[in-house]
Amino acid sequence: MDRQHRARFFRRIAFGVLAALGLFAVAAVAAVWLIAGRVGLTGWASPVLAMLVLFVAGAALIRMFGAMRRFASPLAAVMDAADRVAEGDYAVRVRGYGPPPIRALARSFNTMTERLQNADRLRRDLMADVAHELRTPLAVLQGRLEGLLDDVYSRDDRQISELLDETNVLSRLIEDLRMLALSDAGALPLQKEQTDVVALAHDVVRCMRTEAARKSAALELTAPSEAVVLELDPVRIREVLTNLLSNAVRHTTADHKVTVVVSRSADGATLSVSDKGEGMAPEAVARMFDRFYKGSTSRGSGLGLTIAKGIVQAHGGDISASSELGVGTTVTFTLPRSPA
């Protein structure tokens, strides 16, 4: 019904414009005839002049009608496509033709629908991933509790401790999801203060040495001797650096070292974490910051690096990774002195 109304609307506009141009042509012919009579043009001169004006007006009408068709047809196609998008069809695209403004409108429309389609895909993937991640600890809890009720498992402290561990997994996952939602909404709370990045890196490395020792790996920190003071949230940046170090220690091979480098830059500081592990394929590097993406040996929820990226970007910085199979991986992030 809306398309019928739209077609009727375009026909009315076309009829109105053509009627106005027709009246203008008749008025022009009448004016030329009167002017010719006033200036003394008689005989065949007046009709010829009037016919010439009528011919020009007719040609203008035909040209105007063609221009209106070139304008109305692609505009109607965009409006029809907009109706399909409103109904949930994000795969629709519009062919760009017609006047330049209409072609620009078609390009903008196609860009919009592509982004809507990607956002819808990410939403569906997120729902599926969240359901999958929640299902495992809930299934374990349910099975253990049923086993306790059926006297399959003994009701001792060990069983209760294992159940508590599963609830901690759920709590961490829910907290990660909350952090991710805040990051996506641009509402991640930051408690910024003047912080020495070098001292913060030393503190994180010192806390991680025990975990590294269990993997027979060494931690090495390279940093300037003087302080690098930036305005940032030390708790959040500590979380980022701890996450990167934990991943590096987990994937490095025994008797190798994980290197942390802190360097001063013109507009802030750059921190990098490098390991000598198995490395990653290019397609894995391209996706490592995607939510719920996990490598074959990963035991986490797949949200740690996504949250780290959100925290760095909330500070106005950037994070990237490079890796080579059999050589290792390096993750680098920057912290600006004056965040935008």
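Me: Which residue in β3 is the bridge partner of Asp 196?

Reply: In this predicted model, Asp 196 has Val 229 of β3 as its bridge partner.

Me: What makes β1 and β3 a pair of strands, and in which sense do they run?

Reply: Pairing requires at least two bridges. Strand β1 (residues 193-196) and β3 share four bridges, in the antiparallel sense.

Me: How do the side chains along β3 alternate?

Reply: In β3 (residues 229-232), Leu 230 and Leu 232 point to one face and are buried.

Me: Why are helices α3 and α4 called roughly antiparallel?

Reply: The axes of α3 (residues 100-149) and α4 (residues 157-184) cross at roughly 160 degrees and come within 10 Å. Angles over 145 degrees count as roughly antiparallel, and the two helices are therefore described in that way. The crossing of α3 past α4 is left-handed.

Me: Which kinds of residue make up the contact of α3 with α4?

Reply: Among the residues that meet are Leu 134, Leu 138 and Leu 141 in α3, and Leu 163, Leu 170 and Leu 173 in α4. The contact divides into 13 nonpolar, two polar and four charged residues.

Me: Why is Asp 151 called exposed?

Reply: Exposed means over 50% relative accessible area. Asp 151 has 60% relative accessibility, so Asp 151 counts as exposed. Asp 151 is found in the loop between α3 and α4, and has a positive phi of about 60 degrees although it is not a glycine.

Technical notes: Residues numbered from 1 in each chain as written. Predicted model: local features only at pLDDT ≥ 70, side-chain atom pairs only at ≥ 80, totals over all residues. Heavy atoms only, no water. Buried < 20%, exposed > 50% of the residue type's maximum accessible area, 1.4 Å probe, protein only. Axes fitted to C-alpha atoms, helices over the stretch in contact; angles between N-to-C directions. Parallel < 35°, antiparallel > 145°, perpendicular 65-115°, else oblique. Left-handed = near helix turned anticlockwise from the far one by under 90°. Contact = heavy atoms within 4.5 Å. Nonpolar A, V, L, I, M, F, W, Y, C, P; charged D, E, K, R; others polar.
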